[in-house]
Amino acid sequence: MAMGSCGTSGGMAGRRHAAMLGIGTANPTGVLVPQDVFAENLFRVTNSDHLPELKEKLRRICEKSGIERRHFHLTEETLAAHPELFDRELPSLDTRVDMTADAVPKLAQCAAAKAIAEWGRPTADITHLVFSTYSACQAPTADLRLATLLGLRPTVSRTMLSLHGCYGGGRALSLAKELAENNRGARVLVACSEMTLVCFGAPDGGNIVGHALFGDGAGAVVIGAGPFLDGERRPIFEMVSATQTTIPRTEHALGMRVSGGGVDFHLAIQVPTLVGQNVEQCLLDAFRSAIVDDDDGGAAPPPSPCSGNGNGRWNDLFWAVHPGGRPILDNINKVLMLEPEKLAASRHVLREYGNMSGATIVFVLDELRRGRSPLPEWGALLAFGPGITIEAMVLRCPR
Ligand SMILES: CC(C)(COP(=O)(O)OP(=O)(O)OC[C@H]1O[C@@H](n2cnc3c(N)ncnc32)[C@H](O)[C@@H]1OP(=O)(O)O)[C@@H](O)C(=O)NCCC(=O)NCCSC(=O)/C=C/c1ccc(O)cc1
């Protein structure tokens with residue numbers, strides 16, 4: 001069924017949408033843990049084998065997670081040298097802050113170097129940096145360290161997003177779109193770098209799902225709006241419109257809190273249902289605010305939700321959905337009546353890396369553009385996190 005159009009809202013002649021010009025991802029090279037031995041390993045290295053029922057529960061959760069392997073910065077050797085990282089009785093925040101201060105921006109550097117190389121222009125042409133992480137515990141913050149590692153200009157305009165969790169990547173991309181479209185010639189580097197060592201601890205009833213889900217990784221994207229410069233590659237995805245929605249009265253459902261033992265997080269069992277119940281309205285709002293790029297010489301207008309009832313029509317799009325957890329993808333699939341392959345990129349990233357919080361959405365975008373078959377012209381990006389906040393973006397794959 002073709003997406004129709006019945007007059008898109010707010011066509012704006014001459015408007016140039018920001019576009020992604022380079023994408024890079026990176027994972028720590030140290031530890032790759034297969035999910036089927038994760039529970040066994042975790043209980044052994046944290047001296048928790050006296051809790052067999054909890055271990056069995058983690059094993060059950062791992063089996064249902066849709067994850068096959070995850071990368072971690074933290075090694076068994078480091079844990080052996082720092083028992084405070086798994087003994088909640090011992091203060092460990094200093095250790096975590098010291099360890100992440102360098103490791104988080106260095107992982108971001110690996111992803112950013114790839115994104116910049118693909119973009120094709122000198123690093124000095126980056127004008128803005130937006131950095132997102134849940135490991136930001138000190139100032140000067142990780143964005144400055146990354147700027148130094150990459151050799152960005154001292155005039156680069158930096159913004160740090162901290163503790164946004166899994167919607168951090170979506171928020172950073174949305175902010176970069178605004179910066180690129182409203183500052184002529186701006187080239188914005190988005191970097192998201194997430195490391196579980198800031199929240200790692202011995203398993204207890206409260207954090208068991210997080211242990212099964214989260215992994216370490218970094219994603220980076222260079223974003224700019226036309227006119228494009230010599231040497232710049234063809235836009236990968238245009239960022240046509242973006243919305244942020246907070247689901248009312250769901251503050252309790254997802255959260256993080258810095259304590260003496262690191263960052264504690266909380267994931268309510270209702271999160272997949274809440275996301276499923278609210279996602280279609282967020283998408284309708286995002287598509288309503290999409291603007292026709294009249295400059296694009298005959299480009300089709302964005303699909304308009306006012307010309308149909310939504311369901312089924314969503315299959316005309318490509319999908320970049322943050323794989324927060326397997327049931328979240330299942331619920332979105334069901335609510336939007338998507339064909340199974342529509343979420344294949346999200347499921348692939350979940351399977352190969354787990355949930356890398358804000359960085360994950362960059363992995364999904366990277367996976368999508370590497371796919372064998374051509375993508376539909378229009379697509380949707382979704383990311384979720386504490387709030388519950390849903391970031392939605394209408395994307396266009398230039399022809
Ligand atoms: C793999 C799970 C855990 C289980 O699969 P299932 O299909 O729901 O299976 P079951 O319904 O049989 O549940 C298996 C067990 O897991 C338990 N469980 C099922 N969700 C739960 C639950 N949130 N609590 C605590 N027990 C549970 C459930 O009660 C059950 O326990 P038991 O009967 O003893 O086997 C699945 O529910 C899942 O992936 N849930 C996580 C979804 C989720 O909230 N994702 C986070 C989205 S937001 C985001 O991406 C990041 C936020 C973030 C936040 C902080 C940070 O630092 C960084 C990032």
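Buried residues have under 20% relative accessible area, exposed residues over 50%, and partly exposed residues fall in between (1.4 Å probe, protein chains only). The model is predicted: local features need pLDDT of at least 70, side-chain atom pairs count only at pLDDT 80 or more, and totals for chains, interfaces and linings use all residues. Residues are numbered from 1 along each chain as its sequence is written, and side-chain values use heavy atoms, with hydrogens and water left out.

Helix α2 covers residues 52-64. Helices are DSSP runs of H or I with at least four residues, and strands are E runs of at least two, numbered from the N terminus. The expected span of a helix is 1.5 Å times one less than its number of residues. The 13 residues of α2 should therefore span 18 Å, in agreement with the 19 Å between its end C-alpha atoms.

Leu54, Lys55, Leu58 and Cys62 are the buried residues of α2. They fall within an arc of 100° seen down the axis, so they line one face of the helix. The arc is that of the directions from the helix axis to the C-beta atoms. These buried residues pack against α1 (38-45) and α7 (208-213). Pro52, Glu53, Glu63 and Lys64 are exposed on the other side of α2. Just after α2, glycine 66 takes a positive phi of about 75°.

Isoleucine 332 belongs to the largest nonpolar core, which has 43 residues. Such a core is a set of buried Ala, Val, Leu, Ile, Met, Phe, Trp, Tyr and Cys residues joined through side-chain atoms within 4.5 Å. Helix α8 supplies the largest share, nine residues.

Technical notes
Contact means heavy atoms within 4.5 Å.
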